[in-house]
Amino acid sequence: MATEKLTHAKTGVIQMGWPKLYEAVAFKAGKDDEKSKSGDEEKKNESTPAYGFPALLDKDNPDHMKTVNILKKLSENAENNAIAQKRWGKKDRIVANNGLKDADEDEILDGDKTVLMADKHPNRANHFYVNLSRSSKAGRPGIRYIDDGGILRELPKPILGTKEALEAAQNELEDARTTYAESDEKKREEAKKLVLEAKRKLEEAQERDAKAKEVKALWDKLVYPGQNVQASVTARAWKTQTGSGVSYRLDNLTIIGGGIRDGSFDYDEDFTEEDIDALIAWRNKHVDSKPSKADTEAALLADTDFDEVDDVDEDTGEIEVKPKTRRKVKPVVLDEEDEEEIEEEEPAPRTRRHSPARRRKPVEVEDDYDDEEEEEPAPRPRRRKTANSDLF
């Protein structure tokens, strides 16, 4: 029997695509990898939770092409082993669906038709595409990371289900308190124990939830699309009633760090010193030359009286002041003719400050004021008392 060829190896440094590593999720293994699977096979793959991530390997990147050559060799060895073990026939190699895709040459399904992968996903042009996955039945792949001090550390396992456990503990405590409130004296002591036990469980659930959030924060910091990683993989030849192919199982993963999160851009790359100087020059030319809103408000306040008090807040003691603007009267210049006309006119009688309904014409009265007893003079308007009057 021929010696089994090597199907396990490490990749070079690659950039991780959208990861499914924190928790296994169900996804279509054949969505972008193959076009020969039946609906039943696709449904089976959809219902199988798995860990993993895709990767794009740039044809112009020597490090990426090193990984491409490693994967091709592992795939060839896996096919040879399958033929040697009589799990494959020779025609299986001809029709085999390889998990490593050339986006510029390989076709994928787009609805009811097949198209080049690069046509459906333009960002994959001039790239190889591979999906590294691992069934949840095989367990989570080993994941470690290199910290800022250059020390290799194991990424802590996610703590799942804390939200549900916390809600259950809160409900249990609420039920225990209700039982205690409704208990008579004989059952009050037993109900009290139930409340104390429920409180202890809630505290444990809260501590576990807090720890889970710490772990999740570390994962979010390290595991993201665009992160630099190195993976160990195993090429596996498979065969079903509908076809055959080779896939790449994710065994272990080292997070190197320093990757640029996909969809984000480094600030210094977008804005250079020349850009900042140009923005400052624009601001000096446009923004500083116009009066600001604060300047307009300051000018208004400079021409405003605050003698009239509207109201005082009874809680805070703050005084709400109604501004009274001063009216600027434009001086009138009179001609000589206008002055003569004014001199000839009789001055109009001065009226007291009352509303039109209470105005009265001036009358001549005799020295004897006894006749005027029935007619009381109009009350003199009282000066409005301000809120500050009691402060002095």
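This is a predicted model: local features need pLDDT of at least 70, side-chain atom pairs count only at pLDDT 80 or more; totals for chains, interfaces and linings use all residues.
# A first look at strands, salt bridges and surface patches

Asp 110 has Lys 113 as its bridge partner in β8. Residues are numbered from 1 along each chain as its sequence is written, and side-chain values use heavy atoms, with hydrogens and water left out.

- Strand β7 (residues 107-110) and strand β8 (residues 113-116) run antiparallel and are joined by four bridges; two strands pair if DSSP finds at least two bridges between them.
- Helices (H or I, at least four residues) and strands (E, at least two) are DSSP runs, numbered from the N terminus.
- The two strands β7 and β8 make a hairpin with two residues between them. In its turn, Gly 111 has a positive phi of about 75 degrees.

**Strand β4 and its partners**

- Seven of the ten residues of β4 are buried, so this strand is mostly covered. Buried means under 20% relative accessible area, exposed means over 50%, and partly exposed lies in between (1.4 Å probe, protein chains only).
- On one pairing, β4 meets strand β3 (residues 20-26) in the antiparallel sense over three bridges. Here Val 25 has Ala 50 in β4 as its bridge partner.
- Another antiparallel pairing, over nine bridges, links β4 with strand β9 (residues 127-135). In this pairing Leu 57 stands opposite Phe 128 in β9.
- Leu 21 belongs to strand β3, and it counts as buried because its relative accessibility is 2%.
- Leu 21 and Tyr 51 are 30 residues apart in sequence, yet their C-alpha atoms are 5.1 Å apart in space.
- As a general point, side chains in a regular strand alternate between the two faces of the sheet.

**Salt bridges**

- Side chains of opposite charge can pair when their charged atoms come close. The structure holds 13 salt bridges, each being a side-chain nitrogen of Lys or Arg within 4 Å of a carboxyl oxygen of Asp or Glu.
- One of them joins Lys 59 and Asp 102, whose closest N and O atoms are 2.8 Å apart. Lys 59 lies in the loop between β4 (49-58) and α2 (62-84) and Asp 102 in strand β6 (residues 100-102), so the pair ties together parts that are 43 residues apart in sequence.
- Within this pair, Lys 59 is partly exposed, with a relative accessible area of 24%, whereas Asp 102 counts as buried at 10% relative accessibility.
- Glu 172 and Lys 201 also meet through their side chains in a salt bridge (3.3 Å, N to O). This pair links distant parts of the chain, 29 residues apart, with Glu 172 in helix α5 (residues 162-182) and Lys 201 in helix α6 (residues 185-222).
- Glu 172 is partly exposed at a relative accessible area of 33%, and Lys 201 is partly exposed with a value of 33%.
- A further salt bridge connects Asp 209 and Lys 213, with the closest N and O atoms 3.4 Å apart. Both residues lie in helix α6, four residues apart, which is about one turn of the helix.
- Asp 209 is buried, with a relative accessible area of 11%, while Lys 213 is exposed at 56%.
- Salt bridges that share partners also join Lys 59, Asp 102 and Asp 104 into one network.

**Surface patches around helix α8**

- Asp 270, Glu 273, Glu 274, Asp 275 and Asp 277 gather in a surface patch of negative charge. Patches are made of residues with over 30% relative accessible area and no salt bridge, with like charges joined within 9 Å and nonpolar side chains (Val, Leu, Ile, Met, Phe, Trp, Tyr) within 5 Å.
- Helix α8 (residues 273-286) gives the largest share of the negative patch, four residues. Glu 273 has its place in this helix and is exposed, with a relative accessible area of 64%.
- Tyr 267, Phe 271, Ile 276, Leu 279 and Ile 280 make a nonpolar surface patch of about 460 Å².
- The largest share of the nonpolar patch, three residues, comes from α8. Ile 276 is found in helix α8 and is partly exposed, with a relative accessible area of 31%.

How values were computed:
Accessible areas come from the Shrake-Rupley method with a 1.4 Å probe; for residues, only the protein chains shown count as cover. Lys and Arg count as positive and Asp and Glu as negative; His and the chain ends are not counted. The place of a charge is taken as NZ of Lys, CZ of Arg, CG of Asp or CD of Glu.
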